[in-house]
Amino acid sequence: MSAELSPADLASPAAISSWIPPRVQPPRAALPLWRFLPAFLKNPLRGIPEPVYHEAMFVPSSMRGRMAWITDPGLVEQVLLRQADKFSKTEVERRIFEPIVGGGILTANGQDWRWQRRLLAPLFRPSELLTFVPQMTVALDHLLARWATDTQGRVRRIDDDMTDLTFDVLTSTLFAGCTEAEGTVLKSATGKYLERTSWEIAFEILQFPKWLWHPYKREMRRAAHDLQSTLTGLVARERTKGWASGGLGAKLGAAVDPDTGQSMSDAMIVANLGTFAAAGHETTAKALTWALYLIARVPHWQNQIRDEVARVVGSGVIEARHIDDLVVTRQVLEEAMRLYPPAPVMTRQAIEEVTLGGRTFAAGSLIVIPVYVIQRHRALWERPDEFDPTRFAPERAKTYLRTQFMPFGFGPRICIGMSFAMIEATLLLAGMVRGADFFVDKNVAPEPLSRVTLRPRGGMPMRVATRK
Ligand code: HEM
């Protein structure tokens, strides 16, 4: 029997104020290795013990002092900013991402990273990105039209819809110039690859060699190959056309370092396009999926967003000039990304001996920054597991430390696509809520599952009813 919320729920935020959205049940204490591994494979967040949610730093005894979870904002700032040159991206990350984005900005370190970041940064300036707003509204309109014709009354997988939507945005903006067939390969290959990464992470922690077989090795290799060969074809075509498509590949091909006159090789462009395909849509799709789930459970916030869009935009097209004024919409998104950070864990490796919080870590130690836990930390947040977008009302949001709420990371390696993602997600959430009502059965409570991005385990079934 359906247990959707009744119209009475629409009016009252009080009725749901004590509702606790789905969360991971942490083990009470650090697990011994033989129990940690199965828990980790099931959901890496299940390997993080309860004390990490209370303490500033936790060093599990099973890792002989060579691994720590850190949650204290001051310590996080040490790792990501103040002592950032003593840490690199990790072997774990390299092992997961190298086959699809090897040589690109995501896994690069030192001078190589700095150079790539300098060349890429101008392409991600807000002024540049706001020019993509019309393409974003076209993708939104396609989705609303599809919902109007094929969905009325039917429960559908909203997480799949969000992946399609953000991929449509990606192919019409950063990947302008790629064909529909290429787009299909990019979407399915990145999705398949990211789904299967936990085995590689666990193997790296156990220091098993890269060639060692596991049940998804073949599938991952095939996906990596499909992604690489599609992007290589795309870049070769862009080069012959003189980088004219206006997409990111073309802009990268044409970009020249003002200091050295150097430009990116085709292989490096391929690696970075792979990076943007992997980092640039699943993350935003998951932010939107969780936001829609939360406001379907707490319809008061659907109404708040709808009122805001009516006030700021009216019934016309959402334009670049409206984005900054969609304050409530952004608050809902930020609270959704606090509870369900699309990138739930960051990692760093000590390059040399370092001291953190009075403890010395040898070179090679693994420092895990569990954003999911930090954003629910008992010492940092009131009612940490509850959904309350008023936390991000402009005056209150200013009071948080920058390493207390950091869905996009922090420091020099902060997400380069942050503005792109925020413009896109704000516009899409506002437009979807103006165009449709969202309902979810009260019994739907998917576990947040870390598979590089934070997915709802088993998907997110919801009902959408478009509005006239
Ligand atoms: C809601 C959406 C997104 C979230 C939550 C997110 C989150 C993050 C986080 C946490 C990092 C830092 C990782 C670390 O320091 O270890 C990061 C880096 C990165 N992100 Fe995003 N991201 C999002 C969207 C995007 C988009 C749309 C793009 C590109 C179009 C993108 C491209 C990148 C790249 C290239 C990096 C690496 C930057 C560097 O190392 O210099 N991301 N992202």
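Guide: β9 and β12 are joined by 4 bridges and run antiparallel. Two strands count as paired if DSSP finds at least two bridges between them. Strands (E, at least two residues) and helices (H or I, at least four) are DSSP runs, numbered from the N terminus.

Visitor: Before we go on, what kind of model is this?
Guide: This is a predicted model, where local features need pLDDT of at least 70, side-chain atom pairs count only at pLDDT 80 or more, and totals for chains, interfaces and linings use all residues. Residues are numbered from 1 along each chain as its sequence is written.

Visitor: Fine. Which residue is the bridge partner of Phe 438 in β12?
Guide: Val 464. Phe 438 also belongs to the covered face of β9, along with Ala 436, while Asp 437 and Phe 439 make up the uncovered face. In a regular strand, side chains alternate between the two faces of the sheet.

Visitor: What's the strand order in that open sheet of 3 strands?
Guide: The order is β4-β12-β9, with antiparallel pairing. β4 (155-157) and β9 (436-439) are the edge strands, each pairing on one side only. From one strand to the next, the twist averages 45°; axes are lines fitted to C-alpha atoms, for helices over the stretch in contact, and angles run from 0 to 180 degrees between N-to-C directions.

Visitor: How many bridges join β4 to β12?
Guide: 3, and β12 covers residues 461-466. In that pair, Val 155 stands opposite Arg 463.

Visitor: Which helix lies across β4 and β12?
Guide: That's α8 (residues 158-172), running at about 50° to β4. Another helix, α14 (residues 282-297), packs on the sheet and touches β9 and β12, its direction making about 80° with that of β9.

Visitor: Back to α8. Is Thr 166 buried or exposed?
Guide: Thr 166 sits in α8 and counts as buried because it has 27 C-beta neighbours inside 10 Å. The cut-offs are 20 or more other C-beta atoms within 10 Å for buried, 12 or fewer for exposed, and partly exposed in between, with C-beta atoms placed from the backbone.

Visitor: What does Thr 166 contact, leaving aside neighbours within four places in sequence?
Guide: His 281, Thr 284 and Ala 285. Contact means C-beta atoms, placed from the backbone, within 7 Å. Thr 166 and His 281 are 115 residues apart along the chain, yet their C-alpha atoms are separated by 5.3 Å.

Visitor: Switching topic, which residues are closest to the ligand?
Guide: Of the 23 residues surrounding the ligand, the closest are Gly 280, Thr 283, Gly 409, Cys 415 and Gly 417. Here a residue is near if its C-beta atom, placed from the backbone, lies within 6 Å. α13 (266-279), α14 and α19 (418-435) each supply at least two residues of the shell.

Visitor: And the largest nonpolar core: which members touch the most others?
Guide: Ala 291, Ala 336 and Leu 429, out of 93 residues. Such a core is a set of buried Ala, Val, Leu, Ile, Met, Phe, Trp, Tyr and Cys residues joined through C-beta atoms within 7 Å. Not counting residues up to four places away in sequence, Leu 429 touches Leu 288, Ala 291, Ile 305, Thr 329, Val 332 and Leu 333. A second, separate core has 27 residues, including Ile 70 and Tyr 372.

Conventions
Two residues are in contact if their C-beta atoms, placed from the backbone, lie within 7 Å.
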